[in-house]
Amino acid sequence: MWRLGGLVATILLANVCAGLPSVTLHKRPISVEQLQASQQALQLSAANGLLGAGEDIPLLDYLDAQYYGEIGLGSPVQTFQVIFDTGSSNLWVPSSECSYFQLACDLHNKYDASESTTYKRNGTKFAIQYGSGSLSGFFSEDELTLGTLQAKHQSFAEATEEPGLTFVAAKFDGILGLGFPNIAIGGAVPPFQNLVEQGVVKEPVFSFWLNRNEPGAEGGELVLGGVDPSHFKGTHTWANVTRPAYWQFDLDAIKVPGTIGVCQGGCQAIADSGTSLIVGPSVEIANINKAIGAKGVLPAECRELVKEYVPQILKALAILPADQVCAAIGLCDQTGSQQARSVSRKLQALAGSDTPVQDSPLCPFCTAAVSYVKIAVASQETQDQIEEQLEAACDTLGFLASSQAIVDCDQIPTMPDVAFTISGKEFSLTPEQYVLKVGAMGEEQCISGFLGMDIPKPAGPLWILGDIFISSYHTVFDLGNKRVGFAEAA
Ligand SMILES: *[C@@H]1O[C@H](CO)[C@@H](O)[C@H](O)[C@H]1NC(C)=O
Ligand SMILES: *[C@@H]1O[C@H](CO)[C@@H](O)[C@H](O)[C@H]1NC(C)=O
């Protein structure tokens, strides 16, 4: 019933018995290139947050998402592979009206309105700013088939232009957003809301089980309208949603032996099925990566920079507002929102624009360092302590090229557990759970599952608990009670 690339996945009997519709998720093995691209995509989604006007912008970091499943649109049903993404709230698929020159469209399934008897025209323009271009098209309405369920009058976007690189290689055709309505672009009613409003699902709840352990086995399961008791042990621990945009909640603490200042006094986190890794503020992630023994690619150069610039940053901060410090030191070309401008330059560079880049490549590094130093000074840290923390950041700073943190595969058995405290309960990840093995046997590379990214205010700072977390802890998204629940996956 659920097919992809010739693979036929099983229909889960457990769900059939329980009467709960489910979508089987497929998993694609992840490569180093994909991880690097994913990191870029994450930075681009940060850029979306920076450059967008609204405060709640979907996290469009789906390039790295590994899990996708099948949906149907129209009558008769046209099928698509989509990422089920709790970090965004729109449904979109490629359109048959896609331009001739869109390679990404050519390689994917396309929705053809003229082939559907239930199609309703809308035509309102749809656009998401996405890195090297915008994903754009127009809204349409049709029936949506999800497993055994059907929603009538589902608003979705037909994409007619897709930023080339991102989607050409993607195994999936589109995205089905499972976030809250207020981050839905164009005010479209998100699919799951629609199912609930039409009384199609039993309960306003959906749940994810992601399988990371058995290669070749089914990738996971998304249950719509309930939970599958065969995929978790014990009971769920619940956290109320603190801001209903993403599935955001209070994280009480993150415990990693040998670190200080990680999620100090609590922090905000989201459960995001559309992100593979665990993402957090770059300096804090750097500390975690240091503690687990992960190394970046350019640490030596970066350490030199810390030694050179921290004293200057400290001096400048004593007399200047934070956003003028990097300009004063000569690392950024102007005052103002350096971070926003440097990210937008990065986007230009990726888009192949040959606009001269005026900022030093060190501008983003400086901006990140300044925001850290400001907090550190306020909490009475000494210059030595500050330098030490920033040097740790050198191992992973997302701003520097190829900065994915690598671990020695042989060291996995000796690495510490990392524990997340949610509603007073500890959710521990073992190194086997937080390290990603990529590449073929024999030339396997081990990559830290902790990635630094500074999500700007007002949405950030945020921690993103992606698939690494969700595959260890069965996750329930309870829309009715606006809460998220976690239990040990089984
Ligand atoms: C078109 O779709 C958008 C998004 O769902 C909706 O807000 C708008 O009201 C629709 N317009 C028409 C004319 O149906
Ligand atoms: C979560 O929200 C519910 C309903 O608003 C409330 O009764 C409960 O005390 C909250 N739980 C926590 C841990 O804040």
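The model is predicted, and local features need pLDDT of at least 70, side-chain atom pairs count only at pLDDT 80 or more, and totals for chains, interfaces and linings use all residues. Residues are numbered from 1 along each chain as its sequence is written, while side-chain values use heavy atoms, with hydrogens and water left out.

**Helix H6**

- H6 spans residues 282–292 and is mostly covered, with 9 of its 11 residues buried; helices here are DSSP runs of H or I with at least four residues, strands are E runs of at least two, and both are numbered from the N terminus.

**Ligand 1**

- The residues surrounding ligand 1 are Asn122, Thr124, Phe139, Ser155, Gly186 and Ala188, where a residue counts if one of its heavy atoms lies within 4 Å of the molecule.
- This shell divides into 2 nonpolar, 4 polar and no charged residues, in a scheme that counts Gly among the polar ones.
- An oxygen atom of ligand 1 lies 2.3 Å from a side-chain N or O atom of Asn122, and an oxygen atom of the ligand is 2.7 Å from a side-chain N or O atom of Ser155.
- A polar backbone atom of Gly186 is 3.3 Å from an oxygen atom of ligand 1.
- Of the 360 Å² of accessible area that ligand 1 has on its own, the protein covers 49%, with areas taken from the Shrake-Rupley method and a 1.4 Å probe.

**The sheet E18-E22-E21**

- Three strands form an open sheet in the order E18-E22-E21, with antiparallel pairing; two strands pair if DSSP finds at least two bridges between them.
- Strand E18 (406–407) and strand E21 (435–438) stand at the edges with a single partner strand each, so one side of each is left without a neighbour in the sheet.
- E18 is joined to strand E22 (residues 445–448) by 2 bridges in an antiparallel arrangement, and Ile406 stands opposite Ile447 in E22.

**Strand E26 and its partners**

- Strand E26 (residues 483–489) is mostly covered, 5 of its 7 residues being buried.
- Strand E13 (residues 232–240) runs antiparallel to E26 and is joined to it by 6 bridges, with Ala489 in E26 as the bridge partner of Phe232.
- Strand E25 (residues 473–478) also pairs with E26 in the antiparallel sense over 6 bridges, and Phe477 has Val484 in E26 as its bridge partner.
- E25 and E26 form a hairpin with 4 residues between them, and Lys482 in the turn has a positive phi of about 45°.

Methods. Chains lettered and ligands numbered in written order. Buried < 20%, exposed > 50% of the residue type's maximum accessible area, 1.4 Å probe, protein only. Polar contact = N/O pair within 3.5 Å; in protein donor to acceptor, adjacent residues only side chain to side chain.
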